[in-house]
Amino acid sequence: MSDLLAHLQTGFHAAFTWQALLYCFAGVTLGTFIGVLPGIGPLAAIAMLLPLTYYLSPIDGLIFLAGVYYGALYGGSTTAILLRLPGTAASAVICIDGYQMARAGRANVALVMTTVASFVGGCVAVVIIAAFSPPLARFAISMGPAEYASLMVFGLVTAAVMSQGSLLKGAGMILVGLLIGLVGMDVNAGMLRYTFGISALADGLSIVALAMGLFGVAEVLQNLVSGGAGRVLSTRFSMRDLIPSRADLRQSRDAMLRGTGIGSALGILPGAGPAMASFVSYAVEKRVARDPSRFGEGAIEGIAGPEASNNAAAQTSFIPTLTLGIPGDAVMALILGALMIHGITPGPNVMNSHPELFWGLVVSFWIGNVFLLILNLPLIGIWIRLLSIPYRMLLPAIILFMCIGVYSLNRNPVDVGIVAFFGIIGLIFYKLKCEAAPLILGFILGPMLEEYTRRALLLSRGDPMVFLDRPVSLTFLLASLAIMLWAISPLIANRFRQMK
Amino acid sequence: MLFKLVLVYRKIGAEEKRGLVDLRLRACAASLWAECVLPLVANPHCCRFEAGKHEGVVGLSLFHDSCSRNQIAYTCRVTAKQHVPAGGSMDNQQASGDRTEFLSGILFLIIGISGTAIASKYPIGTAARMGPGYFPIAISLLLTAVGTALCLVNRRAFKLFGTSTGHKPHGRQTALWRALVVVMSSIGSFALLIERFGLAPASIACLVVAFYGGRTLMSESGRWWEGIVLALGLTAFSVLIFVYGIGIPMRVWPR
């Protein structure tokens, strides 16, 4: 316990500097902005903002990006309630009951509830992170290369299973990502691989250029084809009755706690994430409700649970990312990319060698949630007005910021070209309905997976049984196998039924 | 976005129903969660989607215990266009769904084979002492295998290749090409100008191309001078923020 307090003290020291507070504030504000705008999602936004963190200290950069991430989740719910436009995938479920509440004239209550629920979810998640990360990191330090390689395989298999579309496609995308991750100089032999004679590729492909192309440019193209996402919508919004009634609070209290629990658990799992957390939470709320028919008609639990859940998941997903160095989803992969830009190797050592980084981030979650509480409630009217920014104005701005961002990394125009190239690739993937998020996971893990496999096999003199002999490694591999079987079992069952 | 999917809904005690439903909904990234949640919360009370055949968005309907089409339409903001009774013509739908799978398989095959071919020039080494070629070849071969499997599983799509799958929205197809040209030339003008002329000209060119190009693709095109105001304003903003604010070392004007 005293350990925890000491850790949190380190965190408060790191997060209560002027810069950190400023970047935390800037992050959540920008995140809310992005969440409110329907044309751009948190993934593309973080990809665009990644180069900026190069100019910040690692802790400020991390606090900033994390703020953008959960700020966007917050902002997404606002538009989901008022306009039935989910700003992010995670807030899609908020539309169901939130919009109904707004139609019944209870928009204020719904908005306050999302804010309170997010705050509760976020605060509890901070405690969970603080409690679970140190033991996990201690355990991770005892893992050898074989265990690590198996853990990565587990993470990748889960990501493939959880990805949209068929399992084979997900697996294929991860393998493509692994392959792209190998571009550049091989660390052991100093040999250039897959560089096609382009000298800018010798250091490997930059995650910024890759992510911007695959998510940023591809998203812009899709929006353009669909005729632009923005449209002017007017809403009346009064500031009265911001305080929810006691009955509302009592109804949603348990929902919030359940949602937080679900979100915290799902956030830690690789491949799950806030979107999934909010949906599972909604399903659970409906199941436990005494009168399920209220759901869809403006049940307050239907927003309190999912909202607490997605915020908790967004924060606990930092646990595997920072303690093990294994990102659970594409956003976390980008966060790891930000760490790597600063020369910090992700893994269990981050907590020991950079305690101020880890604990500062944890404390910043809490500060950021307070900011959001202050920021969201009085300023909701302004956020809503932002929706009237037409897409024809937004589009050039997005393209320009992407160009400047990627150019600023190395001041090499070839990088800008790489963004354009991956934009086209991203469009092809979109047309083929291949999800690009698993690719980014593979990209981040590719070089690490190779390194750990190499080391494990070097230690065992080339005997592959090393992965099965060690119990922890075996557990991870068996878990991967189990998940794969679980994913394909309905397919096989279906085949069987058809044959009969 | 337009989605079609085959639904198999089942109530306890009721017979299995199948239907082909057109789902039209906003690009709300809803596709992301749909399948994620499916395995976790699917239960016999919920409507079930035929494994492997559903694509795009199915979604909130999962959470409705009785699965009437109204509720789907209501929760997902979808409009059900068509309802084909059991045994109806699903081939069309299936073919187009399989086709993307088949083509992805081909794509993976191409990447896998060329990855193997390129990596075969690198020293492979042994398992104990892996050379730079060992891991890339392993990954590429796995990718080739996945690609082959995708093609084989969806081989029926190959036969249907010549046959037209019916209506293909021609307008959207050209819109895609135009969007591609607009975005690429906007990015390209930035890349070409930044080195020689500095940030301000590159940014103005990038914005002007993006605005006037993008304008042609949108329903509300606004006034003609908006682009100039936008270009000058945003350029001033980014010079102030990025060069003077954050301090990214970049030339602003041509020398």
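Helices here are DSSP runs of H or I of at least four residues, numbered from the N terminus, and their axes are lines fitted to C-alpha atoms over the stretch in contact, with angles running from 0 to 180 degrees between N-to-C directions. The structure is a predicted model, in which local features need pLDDT of at least 70 and side-chain atom pairs count only at pLDDT 80 or more, while totals for chains, interfaces and linings use all residues. Residues are numbered from 1 along each chain as its sequence is written, chains are lettered from A in the order in which they are written, and side-chain values use heavy atoms, with hydrogens and water left out.

Begin with helix α4 (residues 58-83) and helix α6 (residues 107-141) of chain A, whose axes lie 10 Å apart at an angle of about 160°. The two are therefore roughly antiparallel, a term for angles over 145 degrees. α4(A) passes α6(A) in a right-handed crossing, in which the near helix is turned clockwise from the far one by less than a right angle. Contact means heavy atoms within 4.5 Å. On the α4(A) side the contact residues include A:Tyr74, A:Ile81 and A:Leu82, and on the α6(A) side they include A:Leu111, A:Thr114 and A:Phe119. The residues of this contact divide into 7 nonpolar, 5 polar and no charged; Ala, Val, Leu, Ile, Met, Phe, Trp, Tyr, Cys and Pro count as nonpolar, Asp, Glu, Lys and Arg as charged, and the others, Gly among them, as polar.

Further along α6 of chain A is A:Ser133. At 0% relative accessibility A:Ser133 is buried, where buried means under 20% relative accessible area, exposed over 50% and partly exposed in between, for a 1.4 Å probe and protein chains only. Leaving aside neighbours within four places in sequence, the contacts of A:Ser133 are A:Ile128, A:Ile319, A:Thr323, A:Met351 and A:Phe358.

The contact of α7(A) with α19(A) is made up of 15 nonpolar, 2 polar and 1 charged residues.

Among the α7(A) residues that meet α19(A) is A:Tyr148. A:Phe476 is 328 residues from A:Tyr148 in sequence, yet the two are 9.4 Å apart in space, C-alpha to C-alpha. A:Phe476 belongs to helix α21 (residues 471-499) of chain A and is buried, with a relative accessible area of 16%. Residues up to four places away in sequence aside, A:Phe476 touches A:Met143, A:Glu147, A:Ser150, A:Leu151 and A:Phe154.

A nonpolar core is a set of buried Ala, Val, Leu, Ile, Met, Phe, Trp, Tyr and Cys residues joined through side-chain atoms within 4.5 Å. The largest has 182 residues, of which A:Leu210, A:Phe215, A:Phe318, A:Ile399 and B:Phe190 touch the most other members. A second, separate core of 32 residues includes A:Val93, A:Val109, A:Met113 and A:Met256.

Most residues other than glycine have a negative phi. A:Arg411, in the loop between α17 (391-410) and α18 (413-431) of chain A, has a positive phi near 50° and is partly exposed at 41%. A:Lys433, in the loop between α18 and α19 of chain A, has a positive phi near 60° and is partly exposed at 35%.

Methods. Angles under 35 degrees count as roughly parallel, over 145 as roughly antiparallel, 65 to 115 as roughly perpendicular and the rest as oblique.
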